[in-house]
Amino acid sequence: MTMWINRKLGLLAGALALAVAAPAAAQQAYPDKPIRLVTPFPAGGAADTLARALAKSLNEAYGATVVVENRAGAGGTIGTATVSKAAPDGYTLLLGNVSTLATAPSLYTKLSYDPLKDFTPLTLVGRSPLVFAVNPSVKATNLRELIDAAAAQPGSLDYGSSGAGSITHLTGELLNVNTKGAMVHVPYKGSPPVVMAMVSGELDMGVTQVAEMLQQYRAKQVRALAITGNQRLSAVPDVPTAAESGVSGLDATTWYAVVAPQGLPQAVVDKLQPMLVKALDNPDMKKRFAEEGLILESSTPQALAELMRSEIPKWAEVVKRAGVKLD
């Protein structure tokens, strides 16, 4: 009987050891199957382009198969919510941005995810300053002149954004603080219509990412007055920052980041995060995006978490001031 009990105990101990070892082995072998990188915006946009470049770089550096999946809708919140509910195994990731991970909590009263509680931060991916551009017929040649002209004749100048509640809308509202709300907001369905409206003269000013109006800027179809952020861009070296123009409080940027569902094992974080950092350090990729006005920049998980914690209340104040709600 004693021998039988000892044998049973030995089998039980062996089974428990295998049960513990199996997840550890799976994490050590990570990744051993395709990774799904969800971008919560339509194909062809800036986020999609960045996601596909990152997927390619991961494949080249590690042989990892990364499949980009577009899950657009509701300002990016549909795809983001989908990832928040996925298994925390490292095989479903999100390329989120300032809109989905910082401004959404203030814009949507029924948001089905919490950026700080439902995700494991991995790394920042990059920052894209925004640009204030005007139709060439607008007399203002710099941002200060535009502000003075708008304040002098309230309602005489308008600005376009990629949609109500978008980062371009909220950045326009930050600028509008300086005009005491004198500029009229005109929402469009995306940035391309904003640029076309500026070119045609339908719109006085537009707020977009630099890459979205670069072609028209270089063709002198629009005039760039200033960019947000704290340093000039090599893509538009002659365009000053808002701070250089004497306008403070316009350090807003569109930032992108990779996060995973909450509960991602630390062993996977420790393997995946350096993979992402190395992929972002691809010289050709960095050069390509710098030429389009997007500066690739990685971070530690802790630094990304701190960025998200600081950005959420910052944009909540802007949303409150603008009086925007999207549901």
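A: Let us begin with the domains: the C-alpha centres of domain 1 and domain 2 lie 26 Å apart. The domain bounds come from an automatic or database domain assignment, which gives domain 1 as 33-126 + 253-320 and domain 2 as 127-243. Please note that this is a predicted model, in which local features need pLDDT of at least 70 and side-chain atom pairs count only at pLDDT 80 or more, while totals for chains, interfaces and linings use all residues. Residues are numbered from 1 along each chain as its sequence is written, and side-chain values use heavy atoms, with hydrogens and water left out.

Q: How many residues of domain 1 and domain 2 are in contact, and what area do the two domains bury between them?

A: The size of an interface is often given as the accessible area lost when the parts come together. Here, 22 residues of domain 1 are in contact (heavy atoms within 4.5 Å) with 20 residues of domain 2. The two domains bury about 1,600 Å² between them, with 61% of it on carbon and sulfur atoms. Buried area is the accessible area (1.4 Å probe) that two parts lose on being put together, summed over both.

Q: At what angle do the axes of α4 and α11 cross?

A: Two packed helices are described by the angle between their axes and the distance between the axes. The axes of α4 (residues 98-107) and α11 (residues 301-322) cross at roughly 45° and come within 8 Å. That makes α4 oblique to α11; angles under 35 degrees count as roughly parallel, over 145 as roughly antiparallel, 65 to 115 as roughly perpendicular and the rest as oblique. Axes are lines fitted to C-alpha atoms, for helices over the stretch in contact, and angles run from 0 to 180 degrees between N-to-C directions. Helices (H or I, at least four residues) and strands (E, at least two) are DSSP runs, numbered from the N terminus.

Q: Which residues make the contact of α4 with α11?

A: From α4 come V98, L101, A102, T103, S106 and L107, and from α11 come M308, E311, I312, W315, A316 and V319. By class, the contact has nine nonpolar, two polar and one charged residues. Ala, Val, Leu, Ile, Met, Phe, Trp, Tyr, Cys and Pro count as nonpolar, Asp, Glu, Lys and Arg as charged, and the others, Gly among them, as polar.

Q: How is α6 placed against α11?

A: The axes of α6 (residues 167-177) and α11 come within 10 Å and cross at roughly 75°. That makes α6 roughly perpendicular to α11. In this contact, I167, L170, T171, E173, L174 and V177 of α6 meet W315, V318, V319, R321 and A322 of α11. The residues divide into eight nonpolar, one polar and two charged.

Q: What is the phi of K180, and where is P31 found?

A: K180 has a positive phi of about 60° although it is not a glycine, and this residue is found in the loop between α6 and β6 (184-187). P31 is found in the loop between α1 (2-28) and β1 (35-39). A cis peptide bond joins Y30 and P31, with omega about -5°.
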